[in-house]
Amino acid sequence: LFEDKHHAILRWATAIEAGMRDLLESPDKEGSTWKKQSESHGHRDFFVYYQVTETNQLICRVDCAIESSLLVPILSVFNESDLYKTWMPSYNKPIKLGIEQTKKIKESGRGNHVIQLTANMAWPFSTREAVQHAILVDVIDEEGVLAIHARTETPEDDPDIPEPRKGVVRVDFETSLLIRGCPPDHPCLAKSKHSYPKDKELIMISMKSFADAHLQGLPMVLINFVTRIVIGRVWASLLQVAEDFRDGQRPQLIEAIAGKRELYDWEENRIDVMIEKVKASSLPNTEEETKEVTTA
(Lines give C-alpha, C1' and ligand atoms only; values in the text may rest on other atoms or scores of the structure.)
Protein backbone atom coordinates (compact mmCIF):
# COMPACT_ATOMS: atom_id res chain seq x y z
CA LEU A 1 0.00 0.00 0.00
CA PHE A 2 3.03 2.30 0.21
CA GLU A 3 3.21 5.17 -2.25
CA ASP A 4 6.33 7.07 -3.29
CA LYS A 5 5.81 9.64 -0.51
CA HIS A 6 5.79 6.88 2.13
CA HIS A 7 9.04 5.39 0.80
CA ALA A 8 10.54 8.90 0.89
CA ILE A 9 9.55 9.25 4.56
CA LEU A 10 11.21 5.92 5.39
CA ARG A 11 14.41 6.97 3.60
CA TRP A 12 14.47 10.17 5.66
CA ALA A 13 13.83 8.23 8.87
CA THR A 14 16.67 5.82 8.11
CA ALA A 15 19.09 8.68 7.39
CA ILE A 16 18.08 10.58 10.54
CA GLU A 17 18.48 7.52 12.78
CA ALA A 18 21.89 6.77 11.28
CA GLY A 19 22.98 10.37 11.83
CA MET A 20 21.86 10.28 15.47
CA ARG A 21 23.80 7.04 16.11
CA ASP A 22 26.94 8.46 14.49
CA LEU A 23 26.85 11.62 16.59
CA LEU A 24 26.31 9.73 19.84
CA GLU A 25 29.64 7.95 19.24
CA SER A 26 32.72 9.74 20.54
CA PRO A 27 35.10 10.84 17.77
CA ASP A 28 37.93 10.32 20.28
CA LYS A 29 37.22 6.64 20.89
CA GLU A 30 39.91 4.06 20.21
CA GLY A 31 40.11 3.11 16.54
CA SER A 32 38.31 6.25 15.37
CA THR A 33 39.29 7.57 11.94
CA TRP A 34 38.52 11.17 12.92
CA LYS A 35 41.43 13.61 13.04
CA LYS A 36 41.10 16.45 15.55
CA GLN A 37 41.94 19.58 13.62
CA SER A 38 41.45 22.17 16.32
CA GLU A 39 39.79 23.02 19.59
CA SER A 40 38.62 26.36 20.93
CA HIS A 41 38.37 27.30 24.60
CA GLY A 42 37.75 30.55 26.36
CA HIS A 43 34.59 32.33 25.27
CA ARG A 44 33.16 29.15 23.70
CA ASP A 45 34.19 25.50 23.79
CA PHE A 46 34.15 23.44 20.61
CA PHE A 47 36.18 20.79 18.77
CA VAL A 48 36.63 20.46 15.01
CA TYR A 49 37.35 17.05 13.45
CA TYR A 50 37.72 15.90 9.84
CA GLN A 51 38.17 12.90 7.58
CA VAL A 52 39.16 12.69 3.91
CA THR A 53 37.70 9.65 2.16
CA GLU A 54 39.53 7.40 -0.30
CA THR A 55 37.76 9.28 -3.10
CA ASN A 56 38.96 12.65 -1.74
CA GLN A 57 35.65 13.78 -0.27
CA LEU A 58 35.64 15.83 2.92
CA ILE A 59 33.73 14.93 6.10
CA CYS A 60 33.77 17.31 9.07
CA ARG A 61 32.44 17.17 12.60
CA VAL A 62 31.95 19.84 15.27
CA ASP A 63 31.16 19.20 18.97
CA CYS A 64 30.19 22.31 20.93
CA ALA A 65 29.03 23.00 24.50
CA ILE A 66 26.67 25.95 25.07
CA GLU A 67 24.44 27.24 27.85
CA SER A 68 20.75 26.50 27.34
CA SER A 69 19.85 30.17 26.84
CA LEU A 70 21.78 30.14 23.55
CA LEU A 71 19.93 27.19 22.02
CA VAL A 72 16.83 28.95 20.67
CA PRO A 73 18.94 31.76 19.16
CA ILE A 74 21.19 29.21 17.42
CA LEU A 75 18.20 27.37 15.95
CA SER A 76 16.80 30.72 14.83
CA VAL A 77 20.04 31.60 13.03
CA PHE A 78 20.03 28.19 11.33
CA ASN A 79 16.42 28.63 10.23
CA GLU A 80 16.78 32.14 8.78
CA SER A 81 18.81 30.99 5.78
CA ASP A 82 18.13 34.17 3.77
CA LEU A 83 20.44 36.00 6.20
CA TYR A 84 23.42 33.63 5.98
CA LYS A 85 25.30 36.06 3.75
CA THR A 86 25.14 38.76 6.44
CA TRP A 87 27.26 36.77 8.91
CA MET A 88 29.14 33.97 7.15
CA PRO A 89 32.82 34.89 6.65
CA SER A 90 34.28 35.20 3.15
CA TYR A 91 37.91 34.85 1.97
CA ASN A 92 40.18 36.01 -0.84
CA LYS A 93 43.35 34.12 0.20
CA PRO A 94 44.67 31.48 -0.31
CA ILE A 95 41.60 30.94 -2.50
CA LYS A 96 38.49 33.00 -3.08
CA LEU A 97 35.55 31.56 -1.18
CA GLY A 98 32.36 33.28 -0.05
CA ILE A 99 28.57 33.24 -0.12
CA GLU A 100 27.06 34.86 -3.21
CA GLN A 101 23.45 34.38 -2.17
CA THR A 102 21.11 32.22 -0.12
CA LYS A 103 17.47 31.67 -0.94
CA LYS A 104 14.70 29.70 0.73
CA ILE A 105 12.94 27.88 -2.10
CA LYS A 106 10.08 26.49 -0.02
CA GLU A 107 8.96 25.88 3.54
CA SER A 108 6.58 23.06 4.48
CA GLY A 109 5.60 23.14 8.12
CA ARG A 110 7.85 23.58 11.13
CA GLY A 111 11.56 23.10 10.53
CA ASN A 112 11.05 21.67 7.05
CA HIS A 113 12.48 23.74 4.22
CA VAL A 114 14.53 23.69 1.03
CA ILE A 115 17.29 26.27 0.60
CA GLN A 116 19.64 27.21 -2.21
CA LEU A 117 23.14 28.39 -1.31
CA THR A 118 25.56 29.72 -3.95
CA ALA A 119 29.28 30.17 -3.25
CA ASN A 120 31.78 32.14 -5.33
CA MET A 121 35.13 30.53 -6.05
CA ALA A 122 38.14 31.92 -7.88
CA TRP A 123 39.28 30.65 -11.28
CA PRO A 124 39.84 27.86 -12.27
CA PHE A 125 36.95 26.66 -10.07
CA SER A 126 33.38 27.22 -11.20
CA THR A 127 30.73 28.69 -8.93
CA ARG A 128 29.41 26.00 -6.58
CA GLU A 129 25.83 25.68 -5.44
CA ALA A 130 24.07 23.49 -2.85
CA VAL A 131 20.34 22.89 -2.83
CA GLN A 132 19.44 21.13 0.37
CA HIS A 133 16.29 19.93 2.07
CA ALA A 134 16.48 20.27 5.85
CA ILE A 135 14.13 18.68 8.39
CA LEU A 136 14.00 19.24 12.15
CA VAL A 137 12.89 16.15 14.05
CA ASP A 138 11.40 16.47 17.53
CA VAL A 139 12.52 13.41 19.53
CA ILE A 140 12.27 15.23 22.85
CA ASP A 141 9.50 13.12 24.37
CA GLU A 142 11.12 9.82 23.37
CA GLU A 143 14.87 10.52 23.65
CA GLY A 144 15.19 14.02 25.09
CA VAL A 145 16.94 15.25 21.93
CA LEU A 146 16.40 17.31 18.80
CA ALA A 147 17.79 16.14 15.47
CA ILE A 148 18.23 18.03 12.22
CA HIS A 149 19.08 16.37 8.94
CA ALA A 150 19.82 18.10 5.63
CA ARG A 151 20.72 16.59 2.28
CA THR A 152 21.04 17.52 -1.37
CA GLU A 153 17.93 17.38 -3.55
CA THR A 154 17.49 17.88 -7.30
CA PRO A 155 14.63 18.94 -9.60
CA GLU A 156 13.86 15.23 -9.94
CA ASP A 157 13.25 15.05 -6.18
CA ASP A 158 11.19 18.24 -6.09
CA PRO A 159 9.84 20.13 -9.14
CA ASP A 160 10.07 23.40 -7.18
CA ILE A 161 13.87 23.17 -7.32
CA PRO A 162 15.26 25.09 -10.34
CA GLU A 163 17.83 23.71 -12.71
CA PRO A 164 21.36 25.07 -12.10
CA ARG A 165 22.43 28.14 -14.06
CA LYS A 166 24.93 27.71 -16.87
CA GLY A 167 28.44 27.35 -15.49
CA VAL A 168 27.25 26.55 -11.95
CA VAL A 169 28.15 23.16 -10.44
CA ARG A 170 25.75 21.61 -7.96
CA VAL A 171 27.54 19.95 -5.04
CA ASP A 172 26.44 16.92 -3.01
CA PHE A 173 25.95 17.72 0.64
CA GLU A 174 24.61 15.97 3.73
CA THR A 175 24.52 17.11 7.36
CA SER A 176 23.34 15.53 10.61
CA LEU A 177 22.94 17.63 13.74
CA LEU A 178 22.12 16.37 17.24
CA ILE A 179 21.14 18.54 20.23
CA ARG A 180 21.12 16.98 23.71
CA GLY A 181 22.17 17.54 27.29
CA CYS A 182 25.95 17.93 27.54
CA PRO A 183 27.61 14.95 29.26
CA PRO A 184 29.44 16.32 32.32
CA ASP A 185 32.57 14.32 31.43
CA HIS A 186 32.68 15.48 27.80
CA PRO A 187 36.30 16.28 26.79
CA CYS A 188 35.09 19.58 25.36
CA LEU A 189 34.73 20.80 28.95
CA ALA A 190 37.95 19.38 30.36
CA LYS A 191 40.03 22.44 29.38
CA SER A 192 37.21 24.96 29.43
CA LYS A 193 38.01 28.52 30.46
CA HIS A 194 34.45 29.70 29.94
CA SER A 195 32.33 30.49 33.01
CA TYR A 196 28.95 29.04 32.10
CA PRO A 197 25.96 30.48 34.00
CA LYS A 198 25.35 28.27 37.03
CA ASP A 199 21.56 28.56 36.63
CA LYS A 200 21.63 27.29 33.02
CA GLU A 201 21.85 23.71 31.83
CA LEU A 202 24.66 22.84 29.44
CA ILE A 203 23.69 21.66 25.96
CA MET A 204 25.85 19.68 23.53
CA ILE A 205 25.50 20.37 19.80
CA SER A 206 27.17 17.83 17.52
CA MET A 207 27.22 18.28 13.75
CA LYS A 208 28.59 16.03 11.03
CA SER A 209 28.81 17.26 7.41
CA PHE A 210 29.77 15.52 4.19
CA ALA A 211 30.51 17.54 1.05
CA ASP A 212 31.44 16.49 -2.47
CA ALA A 213 32.29 19.63 -4.45
CA HIS A 214 32.88 17.59 -7.64
CA LEU A 215 36.46 18.70 -8.00
CA GLN A 216 39.01 16.52 -9.75
CA GLY A 217 40.76 15.60 -6.52
CA LEU A 218 40.63 18.03 -3.63
CA PRO A 219 43.82 20.12 -3.64
CA MET A 220 45.66 19.78 -0.34
CA VAL A 221 45.74 23.55 0.05
CA LEU A 222 41.93 23.60 -0.11
CA ILE A 223 41.55 20.73 2.40
CA ASN A 224 43.90 22.46 4.84
CA PHE A 225 42.20 25.81 4.36
CA VAL A 226 38.70 24.42 5.00
CA THR A 227 39.63 22.19 7.94
CA ARG A 228 42.05 24.54 9.70
CA ILE A 229 40.35 27.89 9.13
CA VAL A 230 36.92 27.93 7.49
CA ILE A 231 34.98 25.45 9.66
CA GLY A 232 36.11 26.91 12.96
CA ARG A 233 35.48 30.50 11.88
CA VAL A 234 32.04 29.75 10.49
CA TRP A 235 31.10 28.02 13.74
CA ALA A 236 32.51 30.85 15.85
CA SER A 237 30.54 33.35 13.73
CA LEU A 238 27.36 31.33 14.23
CA LEU A 239 27.82 31.39 18.00
CA GLN A 240 28.53 35.13 17.99
CA VAL A 241 25.44 35.94 15.89
CA ALA A 242 23.27 33.79 18.16
CA GLU A 243 24.68 35.55 21.22
CA ASP A 244 24.12 38.99 19.65
CA PHE A 245 20.52 38.07 18.84
CA ARG A 246 19.89 36.76 22.35
CA ASP A 247 21.21 40.06 23.73
CA GLY A 248 18.88 42.18 21.60
CA GLN A 249 21.22 42.98 18.71
CA ARG A 250 21.01 41.85 15.04
CA PRO A 251 17.91 43.86 13.97
CA GLN A 252 17.53 41.97 10.65
CA LEU A 253 17.25 38.68 12.51
CA ILE A 254 14.91 40.15 15.13
CA GLU A 255 12.64 41.51 12.39
CA ALA A 256 12.61 38.21 10.45
CA ILE A 257 11.71 36.20 13.55
CA ALA A 258 9.04 38.68 14.69
CA GLY A 259 7.03 37.80 11.58
CA LYS A 260 7.05 34.06 12.42
CA ARG A 261 5.97 34.04 16.04
CA GLU A 262 3.85 30.88 15.70
CA LEU A 263 6.89 28.87 14.60
CA TYR A 264 9.25 30.32 17.18
CA ASP A 265 6.73 30.15 20.05
CA TRP A 266 6.34 26.43 19.34
CA GLU A 267 10.11 26.04 19.14
CA GLU A 268 10.66 27.82 22.45
CA ASN A 269 8.00 25.69 24.17
CA ARG A 270 9.59 22.47 22.94
CA ILE A 271 13.07 23.62 23.98
CA ASP A 272 11.69 24.35 27.47
CA VAL A 273 10.47 20.74 27.64
CA MET A 274 13.85 19.48 26.49
CA ILE A 275 15.72 21.53 29.10
CA GLU A 276 13.43 20.23 31.85
CA LYS A 277 14.30 16.69 30.73
CA VAL A 278 18.01 17.56 30.83
CA LYS A 279 17.57 18.88 34.39
CA ALA A 280 15.68 15.76 35.45
CA SER A 281 18.33 13.45 33.99
CA SER A 282 21.04 15.20 36.01
CA LEU A 283 19.24 14.73 39.34
CA PRO A 284 20.24 11.80 41.63
CA ASN A 285 18.00 8.77 41.16
CA THR A 286 18.14 7.21 44.59
CA GLU A 287 18.06 8.29 48.24
CA GLU A 288 21.67 7.15 48.63
CA GLU A 289 22.77 9.24 45.61
CA THR A 290 20.89 12.21 47.05
CA LYS A 291 22.81 11.89 50.31
CA GLU A 292 26.10 11.67 48.39
CA VAL A 293 25.32 14.84 46.41
CA THR A 294 24.18 16.68 49.55
CA THR A 295 27.34 15.65 51.40
CA ALA A 296 29.50 16.76 48.51
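Let's start in a loop: Arg165 sits between strands β7 (145–152) and β8 (168–170). Keep in mind that what you're looking at is a predicted model. With a relative accessibility of 44%, Arg165 counts as partly exposed. Who does Arg165 touch, once its neighbours within four places in sequence are set aside? The answer is Glu100, Thr118 and Glu129. For a sense of scale, hop from Arg165 to Asn269: the two are 104 residues apart along the chain, and their C-alpha atoms are separated by 41 Å.

Now for a pair of helices. Helix α2 covers residues 71–79 and helix α8 covers residues 261–281; their axes come within 10 Å and cross at roughly 140°. That angle makes α2 oblique to α8, since only angles over 145 degrees would count as roughly antiparallel. As for its handedness, the crossing of α2 and α8 is right-handed. On the α2 side, the contact is made by Leu71, Val72, Leu75, Ser76 and Asn79. Facing them from α8 are Leu263, Tyr264, Glu267, Glu268, Ile271 and Met274.

If you want to find them, the buried ones are Leu71, Val72, Pro73, Ile74, Leu75, Ser76, Val77 and Asn79.

Next, the aromatic rings. How many aromatic pairs does a search of the whole structure find? It finds two. A pair of aromatic rings is described by the distance of the centres and the angle of the planes. Take Phe47 and Tyr49: their rings are 6.1 Å apart centre to centre, with 80° between the planes, and the pair is edge-to-face. Phe47 has a relative accessible area of 2%, so this residue is buried. Tyr49 is buried as well, at 1%.

The other pair is Tyr84 with Trp87. Here the centres are 5.9 Å apart and the planes stand at 75°, so this pair is edge-to-face too. Where do these two residues lie? Both are in helix α3 (residues 84–87), three residues apart, which is about one turn of the helix. An α-helix has 3.6 residues a turn, so residues three or four places apart point the same way. Tyr84 is buried, with a relative accessible area of 8%, and Trp87 is buried at 12%.

Our last stop is another loop, the one between α6 (220–246) and α7 (251–258), where you'll find Arg250. Most residues other than glycine have a negative phi. Arg250, although it is not a glycine, has a positive phi of about 60°. Its relative accessibility is 30%, so Arg250 counts as partly exposed. Gln249 lies in the loop between α6 and α7 too. With a relative accessible area of 43%, Gln249 is partly exposed. Leaving out neighbours within four places in sequence, Gln249 is in contact with Asp244 and Ile254.

How values were computed: Residues numbered from 1 in each chain as written. Predicted model: local features only at pLDDT ≥ 70, side-chain atom pairs only at ≥ 80, totals over all residues. Heavy atoms only, no water. Axes fitted to C-alpha atoms, helices over the stretch in contact; angles between N-to-C directions. Helix = DSSP H or I, 4+ residues; strand = E, 2+ residues; numbered from the N terminus. Parallel < 35°, antiparallel > 145°, perpendicular 65-115°, else oblique. Left-handed = near helix turned anticlockwise from the far one by under 90°. Contact = heavy atoms within 4.5 Å. Phe/Tyr/Trp six-rings, centres within 6.5 Å; stacked < 30°, edge-to-face > 60°. Buried < 20%, exposed > 50% of the residue type's maximum accessible area, 1.4 Å probe, protein only.
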